[in-house]
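Please look over the protein below. Keep the 3D view open as you read.

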Amino acid sequence: MLTMKTCNGGTSIVDMFEKGKVLKICAPMVRYSKLAFRSLVRKYNCDICFTPMIVAADFMRSVKARDSEFTTNESDRPLIVQFAAHDAQTLADAACVVAPFSDGVDLNCGCPQRWAMSAGYGACLINKPELVKDMVRHVRNQVEDPNYTVSIKIRIHKDLRQTVDLCQKAESAGVSWITVHGRTTEERHQPVHYDAIKTIKDSVSVPVIANGDIKYFRDVESTHQLTGVDGVMAARGLLANPAMFAGYEETPLECIWDWVDISIEQGTPFTCFHHHLIYMLERVSSQPERKVFNSLSSTSAIIDYLQNTYGRKSCLSDELLELTTLEQEEELKRVKLSFTPHLFRLVGYL
């Protein structure tokens, strides 16, 4: 089995939380916060990245799930693997499997989607503080590495006393930190309740991360000022501008070409490659331009469009454009195959 050190040469992520510093974190995003996108945002001052949410029971049951849902490499650190779970032992088992390849696990207690809540996952767990406490304790007791973190990501209750109680129970079980999405389970695009995040921050001694409406770099500092949190987590803001944490107002051209190179190198599926670019270009392109770009159907067509519209090709895309369509397909396969041995997958691990 491959083994990897935790971040910063064997220390815990918790050591990254320093007084006065605001950690910048890429949120778990279904389909989007995969290895290629994590590789991109790490180039632009993102301190910690989360995997997409993985259902722990499926992960433990299926070799196919382990292969498709969790892929990483040596430079993909610090990394938090987020699981959906409603059973303490299953979560602990999954944590033990990914522990050699990551720096911590996070329990999703915030997903408001109906399928997740009906299955006992996500935001319904904020109403089961004893179960959350038990799950945190199981991971803490069963992962051997004392530096390995276990965190939770929650939404808030209408009665904030319940949320404070949940957080304090999790803290007593040994939770490493808590991410708070400052909306209730029913709220989607309503304003974030910064006062609620501040109340939670003031009620626990572990680090607290604020999530919700971090759309521009200026929101990092304003959220910190409003809440006193130890870090901020962004989702849609990073999709629109993966260089946001480096201080860019809009996605810089360099970042777009970095994404092209990373995607080609890692063999990112076309749909994922295209969708990320659609998000990145939304703020900087006109509606007619978006219509043309959204209709493109091949990697080479996208590279050609970017070159003609914005200029400056990237290294790998330069070589790709010089080939015929058939040669491009073969080259993309070759690049993907050459990259695969550097990935850490969990096929056949159990």
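This report moves from the whole chain to single residues.

**Basis**

This is a predicted model: local features need pLDDT of at least 70, side-chain atom pairs count only at pLDDT 80 or more, and totals for chains, interfaces and linings use all residues. Residues are numbered from 1 along each chain as its sequence is written, and side-chain values use heavy atoms, with hydrogens and water left out.

**The whole chain**

The protein chain holds 17 helices and nine strands. Helices (H or I, at least four residues) and strands (E, at least two) are DSSP runs, numbered from the N terminus. Of the 350 residues, 56% count as buried. Buried means under 20% relative accessible area, exposed means over 50%, and partly exposed lies in between (1.4 Å probe, protein chains only). The accessible surface comes to about 15400 Å², and 51% of that belongs to carbon and sulfur atoms. Such areas come from the Shrake-Rupley method with a 1.4 Å probe; for residues, only the protein chains shown count as cover.

Contact means heavy atoms within 4.5 Å. Among the contacts with a separation of 6 or more, 70% link residues 24 or more positions apart.

Strand β9 spans residues 231-234, and both its faces are covered. Gly 231 and Met 233 are buried on one side, Val 232 and Ala 234 on the other.

Two strands pair if DSSP finds at least two bridges between them. Strand β1 (residues 23-26) pairs with β9 in the parallel sense, over four bridges. Here Cys 26 has Ala 234 as its bridge partner. Strand β8 (residues 208-211) also pairs with β9 in the parallel sense, over three bridges. In this pair, Ala 210 stands opposite Val 232. From β8 the chain runs through helix α10 (residues 217-227) to β9, in a right-handed β-α-β crossover. Right-handed means that, with the strands pointing away from the viewer, the path from the first strand over the helix to the second runs clockwise.

**Cysteines**

How many disulfides does the count give? It comes to zero, where a disulfide is a pair of cysteine sulfur atoms within 2.5 Å. The sulfur of Cys 26 has its closest cysteine sulfur in Cys 49, 4.8 Å away, so the two are too far apart for a bond.

Cys 111 sits in the loop between β5 (104-109) and α6 (114-118). An unreviewed UniProt entry carries the annotation "active site" on Cys 111. UniProt positions are given in the numbering used here, feature names are shortened, and annotations may be inferred rather than shown by experiment. Leaving aside neighbours within four places in sequence, Cys 111 contacts Ala 116, Met 117, Gly 122 and Ala 123.

The table lists five residues.

| Residue | Relative accessible area | Class |
|---|---|---|
| Cys 26 | 0% | buried |
| Cys 111 | 11% | buried |
| Cys 272 | 18% | buried |
| Lys 201 | 18% | buried |
| Asn 141 | 58% | exposed |

Lys 201 belongs to helix α9 (residues 194-203). Why does Lys 201 count as buried? Its relative accessibility is 18%, and buried means under 20%. Leaving aside neighbours within four places in sequence, Lys 201 contacts Val 206, Val 208, Thr 227, Gly 228, Val 229 and Asp 230.

Asn 141 lies in helix α7 (residues 129-142). Asn 141 and Ala 92 are 49 residues apart in sequence, and their C-alpha atoms are 8.6 Å apart in space.
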